[in-house]
Amino acid sequence: MHVVLAYRVGLLLLTATIAACNSGDSNRVGEQRPLATVGPTPRPGYEYGGDFYTPPSTASAPVAVNDDFSDTPNPIQAPPPITLSGTGQSASTKFELSTGLVQYKTTCRAEGTCSIWVLSAASGERIELIANDFSPLVASTIRGHESGAYLLDVDTDGAWEVVIEQPRDRAGPSVPLRFEDTDQRSKGPFELPGGLVTFKINCVGTEGTCSVWLYDASGDRVELLANDLAPHSATKPTGVTPGIYWLDIDADGKWTIDVTDG
């Protein structure tokens, strides 16, 4: 009898508890509760990619690069100068040249002669004679070379030095122009407009030769403007395309060159 009564009292208490719970949640019927988040909460603007926060892509659109260097005075970086030196008859260390114009600036300090050949480092073939005169000598000359390894074969008495430069200029003074100097020299860069150009050459030395070559910016010989014994005066008209040019002069004594359009 007591067992049945206790059972009924327990049943009534359980029923009352369930009713109370249902009455407290009556305003939440049908409400969807948010699910618990497992792991770190993604930061705004980020996507959660497993164990790491992965920011959204911020890559910019490709930037257009202007490859037209026509308005740039010196768009191509010239290689650094190469300085070679020694004493007496000797061979220089090997050096590398790029294809194009090369300028040699030579100094031989002792009395006697100064003869310098450019040789191919691969075959030993003589490529260019860049100096051949009495010393002391201070001279400069230009040549065009293919890319490769080279060395100098020097025959002189005393100390010598050769500075090798590879100009890549795309701008320079324009006509009318006057160049004046002495002995073996290279002059440039300068700009010619294209069409007919006139060179007035005057070598005033009393002996030796007067040779003048016109080179373009790539190191190619364009025209032999003069080649005679000094003293020598000449007027040489020639047709050229617009561009940058250099003069290579081999003379003894003073000389002047005037360049005019037409």
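The count of disulfides in this structure comes to two, a disulfide being a pair of cysteine sulfur atoms within 2.5 Å. The structure is a predicted model, in which local features need pLDDT of at least 70 and side-chain atom pairs count only at pLDDT 80 or more, whereas totals for chains, interfaces and linings use all residues. Residues are numbered from 1 along each chain as its sequence is written, and side-chain values use heavy atoms, with hydrogens and water left out.

**The disulfides**

Please select Cys 108 and Cys 114, which are joined by a disulfide with an S to S distance of 2.0 Å. Both Cys 108 and Cys 114 are buried (under 20% relative accessible area; exposed is over 50%, and partly exposed lies in between, with a 1.4 Å probe and protein chains only).

Next, select Cys 203 and Cys 210, whose sulfur atoms lie 1.9 Å apart in a disulfide. The torsion about the S-S bond of Cys 203 and Cys 210 is about 50 degrees, so this disulfide is right-handed. Cys 203 counts as buried because its relative accessibility is 1%, and Cys 210 is buried with a relative accessible area of 0%.

**A neighbouring selection in sequence**

Proceed to Ser 211, which lies in strand β13, residues 209-216. Strands (E, at least two residues) are DSSP runs, numbered from the N terminus. Is Ser 211 buried or exposed? At 14% relative accessibility, Ser 211 counts as buried. Leaving aside neighbours within four places in sequence, Ser 211 is in contact (heavy atoms within 4.5 Å) with residues including Leu 224, Asp 248 and Asp 250.

**The nonpolar cores**

A nonpolar core is a set of buried Ala, Val, Leu, Ile, Met, Phe, Trp, Tyr and Cys residues joined through side-chain atoms within 4.5 Å. The largest one has 23 residues, and Leu 192, Phe 199, Ile 201, Leu 247, Ile 257 and Val 259 touch the most other members. Among the elements that give two or more residues to this core are β10 (177-182), β12 (195-203) and β17 (254-261). Apart from it lies another core of 20 residues, among them Ile 82, Phe 95, Ala 131 and Trp 160.

**The open sheet**

Finally, display the four strands that form an open, antiparallel sheet in the order β10-β17-β12-β15. The edge strands β10 and β15 (232-240) each pair on one side only; two strands pair if DSSP finds at least two bridges between them. Within this sheet, β12 and β17 pair in the antiparallel sense over seven bridges.
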